[in-house]
Amino acid sequence: MLLTSIYVMLGLALVLGALLGIAALLFKVEGDPVVARIDAILPQTQCGQCGYPGCKPYATAIANGEADINQCPPGGDAGVHALADLLGVEYKPLNAEHGLPKPKSVAFIDEATCIGCTLCIQACPVDAILGAAKHMHTIIASECTGCELCLAPCPVDCISMVALAETPDNWKWKYPVFPIKALPVDSGKVPS
Amino acid sequence: MNTIIQFASKLIKNLATNTANDIHKFHGGVHPDGHKYESTTRPIAQLPIPQTLTLPLRQHVGYIPKLKVKVGDYVLKGEMLAEAEGTVSAAIHAPTSGTITAIEEAVIPHPSGLPDMCVTLTPDGKDQWKPLTPIDWKNTAHSELISSLRTSGIVGLGGATFPTHIKLRKDRSSAIHTLIINAAECEPYITCDDMLMRERAEEIIQGIAIAQHLLGAAKVVIGIEDNKPEATQAMAGASQSLTNAVVTTVPTLYPSGDARRLIHLLLGVEVPHHKRSTEVGIQVFNVATVLAIYRYFAFGEPSVSRIVTVTGNVTTPQNFEVLLGTPIPLLMAAAGGAKPDTTHFVMGGPMMGFDLPTLNVPVTKAANCIIAASPALFAPPPPAQPCIRCTRCADACPVNLQPQELYWFAKSDNFEKARDYNLFDCIECGCCTYVCPSNIPLVQYYRYAKSEIIALDKAQEAADLARERNDFRLARIEREKLERAQKHAERAASAKNNEAKPELAETEKTTSNPDAVEAKKAAIAAAVERAKALKLAAANIDAAKTGTDLPVQAESTPDNTLPNIAEAKPDATTSATNEAQAKADKQALIAAAIERAKAQKLAAAQTGATPKNTENLSAKVKAEIDEIEAIRTKAQQMIKSKAPD
């Protein structure tokens, strides 16, 4: 009786083990989905403020446990929260060493000063600068991520960052707030 | 048991339809005070031409139209100021004749209170129309009518301001079988459609006939709320001339004027929430819009004016036909002026309208009603209390949403959840806010959540684009690196071959990479120097003979010079050791050939043509050239195909 039960358990263990082994082969996950999921949360400014040469390398570093989740200022607090949720770790406030969140802005080239050196074109991580050698350059505003990587290489300092203005197009309804009003003073009544 | 339930439900259904005269009641809805009487006692009045007209470019849903005028231009009434750009867009016309005095940013009637681009027109008082051409819509092709309508500037005048020409297009998957004319005008205070129907029913019916013709709709249903008996009578009388058209009164219940609610009321059809009504063969037009269509086709008049109700806390509430761009203070003055206790002004109805940031804004195509608000008419809401989950809002919601859930999600910035609960089906009718016993401004929360979600979606789209472009850039850099490495390897290999078989390597090199061409040039330059030196020496020995022989021989040399040089070069060096006469001849020949090659190269560089060494090429090089040529032609085709846009 004892032996029979041992055989049954052994048999079951073998069968289930084989099944698991086959399943592991059949449903093998290609690549590292965690990197892609982290990358999807990152704002893709490719600014390198985190200390890595782009959003994908930073995502890879987070996945490998080399980088912390609070190194991305453009992602802001919401980004850190999303990363903490995804990775199941504690939320941390943004690390000020890597910079502070700024309002969304785009680069602007002063066309009178530009000498057409193409240095900014080579620096732009998303090819958002149009121009050729010895010809004026200009920013494709809709594709500029506001990473500021073009500012440093410019030899004549003709690039500046311009914050996006609020227009009726991008205007948002505000969160309902109720103004606190001072009531007229009534000396006869004392609030209970 | 089942049969009993079925029987009972059938009985109830029959009872319901019998009592409501074939009206299919929608869920929810509220009964706010109508306040329609005040502004219907006087006929529609015309307003005199004001001193200045301000026309915002943003007057409709969709893309901003493209300006066609500049400051100082004189325009006639009805002349186009800005033309529709993109699919969903509408033109803007001069409401009267006059001069364009400014094109600048000014505050527009928008809840944001932000300035936007406006055209300012100073009228000359003549009110002179441009030459108008009526359109024979019965005998003109459909596509022609639609493209003509695109220049008319007509948009939905019920308040949604969706460009009308798009709604009349015929390229839809399912054909329109029913045209619904929305004359419900369910919002309190607004009476512009009511007065329009009372006074201009004939013209409206003509417009309906045009819309019916354009859509090919078999049936027309005109839906009017039962609080407008005069309008119903006028429309019923005028609609006799239409085929297969019925005027149906619907019970007064806000928001029966919403297109989907009206479709449900009149036809009993629930349009699926992710579909448009045209996908189930129904199109809805406002009465004022069909009237504008009629005026455009019958007289050629573009959209330059509209009817505006001025009511609320004013002395004489009335409807006015005003030119677009008229300053609203003038409108208020025409209605006897706002009473002293007026606190603010509302554009649109009290349920769905918004507070004007300032009264100094112009009338736009969306402005159906201006209400002067006072504490007596619109008591400021008592402070909001916590939600008690009574779900009265859910009972009132005409779209069958769960407003209390949406409120929780919006309040806690839980946007994904709000989206899951179909926040975007909310029509912002305000029924939930109206019934809320805790006085919570629910619609404000939904508007906040909606605009946050839209902004987040836009940011996500931008991030995806940035990721794609960054990936492409990295791939490009990698590819260029590889190509460079390959070239270096090739050059190293060809240099090795060069030592073994110099002549073959030479031809390979010239065409395979630019560095080889540079090397070749240097070789040519060196050859030229050597040739010159030899020539000088030869000239010293026998000047006369070379002088007469050279031109004839140079003339006879073939055009293809580069291989010649390659062949001639070893000859030149060997012949230098031979007798002086033969040497001098040959050197002079080479020098002349080099001069010609240089001239040719210069000419080619000036015309921009690239040298084509298409002979003596290896198969690999030829394949490369073919590939480049293919890319070049493809690029040219792409440029050509993009040019018409």
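This is a predicted model: local features need pLDDT of at least 70, side-chain atom pairs count only at pLDDT 80 or more; totals for chains, interfaces and linings use all residues.
Chain A is divided into two domains, domain 1 covering residues 33–98 and domain 2 covering residues 105–163. The C-alpha centres of these two domains of chain A lie 26 Å apart. The contact between them takes 4 residues from domain 1 of chain A and 5 residues from domain 2 of chain A.

For chain A, the unreviewed UniProt entry lists C114(A), C117(A), C120(A) and C154(A) under "binding site". These residues span 41 positions in sequence, yet no two of their C-alpha atoms are more than 10.5 Å apart, so they gather at one spot. C114(A) is placed in the loop between β1 (105–109) and α5 (119–123) of chain A. With a relative accessibility of 17%, C114(A) counts as buried, the cut-off for this class being under 20%. When neighbours within four places in sequence are left aside, the contacts of C114(A) are I109(A), M136(A), H137(A) and C158(A). C120(A), by contrast in placement, is in helix α5 of chain A. C120(A) is also buried, at a relative accessible area of 6%. Again leaving aside neighbours within four places in sequence, C120(A) is in contact with I109(A), I129(A), H137(A), C150(A) and I159(A).

In chain B, the "binding site" annotation of the unreviewed UniProt entry covers C387(B), C390(B), C393(B) and C436(B). The four residues span 50 positions in sequence, but no two of their C-alpha atoms are more than 10.7 Å apart, so they gather at one spot. C390(B) is located in the loop between β17 (369–373) and α10 (392–396) of chain B, and is partly exposed, with a relative accessible area of 32%. C436(B) is in the loop between α13 and α14 of chain B. The relative accessible area of C436(B) is 13%, and this residue is buried.

The loop between β17 and α10 of chain B also holds T391(B), a residue other than glycine whose phi is positive, near 60 degrees. T391(B) is partly exposed, at a relative accessible area of 29%. A positive phi, near 55 degrees, is likewise found at E428(B), in the loop between α12 (415–420) and α13 of chain B. The peptide bond from Y254(B) to P255(B) is cis, with omega near 0 degrees. P255(B) is situated in the loop between β11 (245–250) and α7 (259–267) of chain B. Most residues other than glycine have a negative phi, and most peptide bonds are trans.

The second largest pocket has a volume of about 2,000 Å³. Its lining consists of 48 residues, of which D355(B), A379(B), P381(B), P441(B) and Q444(B) are the closest to the pocket centre. At least three lining residues come from each of domain 1 (15–373) and domain 2 (381–500) of chain B. Among secondary-structure elements of chain B, β15 (344–347), β16 (354–355), α13 (431–435) and α14 (442–500) each supply at least two residues of the lining. The largest share, 4 residues, comes from α14(B). By residue class, the lining of the second largest pocket comprises 32 nonpolar, 10 polar and 6 charged residues.

Key: Residues are numbered from 1 along each chain as its sequence is written. Chains are lettered from A and ligands numbered from 1 in the order in which they are written. Side-chain values use heavy atoms; hydrogens and water are left out. On a 1 Å grid over the protein atoms alone, a cavity is a set of points where a 1.4 Å probe fits but cannot get out, and a pocket is an open set with protein on both sides within 12 Å along at least five of seven lines; lining residues have an atom within 4 Å of a point. Grid points are joined across faces, edges and corners, and a volume is the space filled by probe spheres set on the points. Ala, Val, Leu, Ile, Met, Phe, Trp, Tyr, Cys and Pro count as nonpolar, Asp, Glu, Lys and Arg as charged, and the others, Gly among them, as polar. Domain bounds come from an automatic or database domain assignment. UniProt positions are given in the numbering used here, feature names are shortened, and annotations may be inferred rather than shown by experiment. Buried means under 20% relative accessible area, exposed over 50%, partly exposed in between (1.4 Å probe, protein chains only). Contact means heavy atoms within 4.5 Å.
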